[in-house]
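Here is a friendly briefing to read alongside the sequence and the 3D view.

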Amino acid sequence: MAQKKESSKKSGTVASINDSLKKATTEMLVLFVLHQKSMYTYEMMSTIEQLSEGRLSFNTLYQAIYRLRDHGYIEESEKILSQDNRVRIYFAITPAGEAYLQDLRQEYQNFIDTIALIFSKDGSLQGDETT
């Protein structure tokens with residue numbers, strides 16, 4: 001119950017839309033950075049944070065990575081033992097993932113263009129008696 005209470009407090013805040021937008025674009029961002037080169041999970045998180053100049057950070061990307069892998073959009077490309085004896089699993093984008101990334105980018109652009117179109121009509125409904 002406490003968890004439900006906490007999420008309802010966040011609803012209606014700028015933070016809630018930020019979280020929703022972040023969730024909606026996570027897969028696209030993972031595919032985008034993997035389009036650049038194969039990476040392990042922490043490297044993806046760091047790269048996204050760096051590219052966003054610190055405005056966007058992720059605590060985890062595992063759910064998105066598993067979804068993308070399960071759909072065949074990314075695959076494990078290699079496993080490397082790091083100097084601190086950790087196995088780093090590198091992921092690479094697949095041809096299906098490249099196509100999906102292009103579709104996501106187009107859909108995202110269409111969406112933000114539509115929002116911009118709506119916002120450009122600010123005040124144009126005043127005095128509109130057609131409803």
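A contact, or touch, means heavy atoms within 4.5 Å. With that in mind, Thr94 touches Gly72, Tyr73, Ile74 and Glu75, not counting residues up to four places away in sequence. This is a predicted model, in which local features need pLDDT of at least 70 and side-chain atom pairs count only at pLDDT 80 or more, while totals for chains, interfaces and linings use all residues. Residues are numbered from 1 along each chain as its sequence is written, and side-chain values use heavy atoms, with hydrogens and water left out.

**Confidence**

- The pLDDT is the predictor's confidence in each residue, from 0 to 100; its mean over the chain is 89, and 89% of the residues reach 70 or more.
- Over residues 1-7 the pLDDT is below 50, and beyond near neighbours in sequence this stretch has 0 contacts in the model.
- Where pLDDT is low, the predicted coordinates should not be read in detail.

**The chain as a whole**

- The chain holds 5 helices and 2 strands (DSSP runs numbered from the N terminus: helices are H or I with at least four residues, strands are E with at least two).
- Read from the N terminus, the order of elements is α-α-α-α-β-β-α.
- Of the 131 residues in the chain, 26% are buried (buried means under 20% relative accessible area, exposed over 50%, and partly exposed in between, with a 1.4 Å probe and protein chains only).
- Among contacts with a separation of 6 or more, 48% join residues 24 or more positions apart.

**Helix H3 and its partners**

- Helix H3 covers residues 41-51, and its buried residues are Thr41, Glu43, Met44, Met45, Thr47 and Ile48.
- Those buried residues pack against helix H2 (14-36), helix H4 (62-70) and strand S2 (87-93).
- The axes of H2 and H3 come within 10 Å and cross at roughly 95° (axes are lines fitted to C-alpha atoms, for helices over the stretch in contact, and angles run from 0 to 180 degrees between N-to-C directions).
- H2 and H3 are therefore roughly perpendicular to each other (angles of 65 to 115 degrees count as roughly perpendicular, under 35 as roughly parallel, over 145 as roughly antiparallel, and the rest as oblique).
- On the H2 side, Leu29, Val30, Phe32, Val33 and Leu34 meet Met44, Thr47, Ile48 and Leu51 of H3.
- The residues of this contact divide into 8 nonpolar, 1 polar and no charged (Ala, Val, Leu, Ile, Met, Phe, Trp, Tyr, Cys and Pro count as nonpolar, Asp, Glu, Lys and Arg as charged, and the others, Gly among them, as polar).

**Two buried threonines**

- Thr26 lies in helix H2 and counts as buried, at 9% relative accessibility.
- Thr26 touches Phe58, Leu61 and Ala64, not counting residues up to four places away in sequence.
- Thr26 and Ile65 are 39 residues apart along the chain, and their C-alpha atoms are separated by 9.4 Å.
- Thr94 sits in the loop between S2 and helix H5 (95-120), and is buried, with a relative accessible area of 8%.

**Positive phi angles**

- Most residues other than glycine have a negative phi.
- Glu53 is not a glycine, yet its phi is positive, near 55°; Glu53 lies in the loop between H3 and H4 and counts as exposed, at 64% relative accessibility.
- Asn85 has a positive phi of about 65°; Asn85 is in the loop between strand S1 (74-81) and S2, and is exposed, with a relative accessible area of 61%.
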